[in-house]
Amino acid sequence: MLQFLQSSKLAQVALTVLRIALGWMWFSSGIGKVMGGEFNAGGFLQAAAANPVLKGGTEEVAYPLYVAFLENVAIPYADLFSFMVMWGEVFVGIALIIGLFTKTAGFFGGVMNTSFLLAGTVSTNPLMLLMTIPLLVSKHNAGRLGVDRFTPAIEEKVKNKKRPLKTIEKPA
């Protein structure tokens, strides 16, 4: 299966459809926040910290480190996190739609999905996270029918320009 995802032309087409669908989900969610102009994650962050995910049938917090992160980092910097969420969703969406830095965009989309899940928000996050996994394990095949087709050539040019200068040895 892994070989198929990483090298098959049929997988390229299927991964492209998956990538564009996932990208649209991210983009439409993010652009709604950006265009709405009033997005603030502060209330969501406070609610997630005040009502954390509990271990089944107990009063014990399932993710105490995540709650500590919310209370000590995310809530005090809620404006920064609001900015990062809305623009992160937009940029992850655009990158996936056009197939640019596909694995990186998929990774950061997965990080956002995981953060939402740790906060107790289910919604479409499990589905989106499952859609991301094939993109991440397919190496470059997920972005081959996108802008990522050109990134190896660009990387090679950049790498060649960064070669160290040769030193000229003085004759003794």
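## Terms and model

The axis of a helix is a line fitted to its C-alpha atoms over the stretch in contact, and angles run from 0 to 180 degrees between N-to-C directions. On that basis, the axes of H2 and H7 lie 10 Å apart and the helices pack at an angle of about 140°. The model described here is predicted.

Angles over 145 degrees count as roughly antiparallel, and 65 to 115 as roughly perpendicular.

From H2, the contact takes in Leu15, Leu18, Arg19, Ala21, Leu22, Met25 and Trp26. H7 contributes Leu127, Met128, Met131, Thr132, Pro134 and Leu135. By class, the residues of this contact comprise 11 nonpolar, one polar and one charged.

## H5 against H6

The axes of H5 and H6 come within 9 Å and cross at roughly 140°. H5 and H6 are therefore oblique to each other, and H5 passes H6 in a left-handed crossing.

On the H5 side of the contact are Val85, Gly88, Glu89, Val92, Ala95 and Leu96. These meet Thr102, Ala105, Gly106, Phe108, Gly109, Met112 and Phe116 in H6. The contact of H5 with H6 holds eight nonpolar residues, four polar and one charged.

## H6 against H7

H6 and H7 pack with their axes 9 Å apart, at an angle of about 155°. Because angles over 145 degrees count as roughly antiparallel, H6 is roughly antiparallel to H7. The crossing of H6 past H7 is left-handed.

H6 makes the contact through Lys103, Gly106, Phe107, Gly110, Asn113, Thr114, Phe116 and Leu117. The H7 side consists of Asn125, Pro126, Met128, Leu129, Thr132, Leu135 and Leu136. The classes in this contact are eight nonpolar, six polar and one charged.

## Loops with positive phi

Phenylalanine 101 lies in the loop between H5 and H6. Its phi is near 50°, a positive value in a residue other than glycine.

Serine 123 is found in the loop between H6 and H7. Serine 123 is not a glycine either, yet has a positive phi of about 45°.

## The largest pocket

The largest pocket holds about 580 Å³ of space. It is lined by 29 residues, of which Val85, Glu89, Met112, Ser115 and Phe116 are the closest to its centre.

At least two lining residues come from each of helix H2 (9–36), helix H3 (42–50), helix H4 (64–74), helix H5 (78–98), helix H6 (102–118) and helix H7 (125–137). By class, the lining of the largest pocket has 19 nonpolar residues, eight polar and two charged.

Note on methods:
Residues numbered from 1 in each chain as written. Predicted model: local features only at pLDDT ≥ 70, side-chain atom pairs only at ≥ 80, totals over all residues. Heavy atoms only, no water. 1 Å grid on protein atoms, 1.4 Å probe; cavity = no way out; pocket = protein on both sides within 12 Å on 5 of 7 lines; lining within 4 Å. Points joined across faces, edges and corners; volume = space filled by probe spheres on them. Helix = DSSP H or I, 4+ residues; strand = E, 2+ residues; numbered from the N terminus. Nonpolar A, V, L, I, M, F, W, Y, C, P; charged D, E, K, R; others polar. Parallel < 35°, antiparallel > 145°, perpendicular 65-115°, else oblique. Left-handed = near helix turned anticlockwise from the far one by under 90°. Contact = heavy atoms within 4.5 Å.
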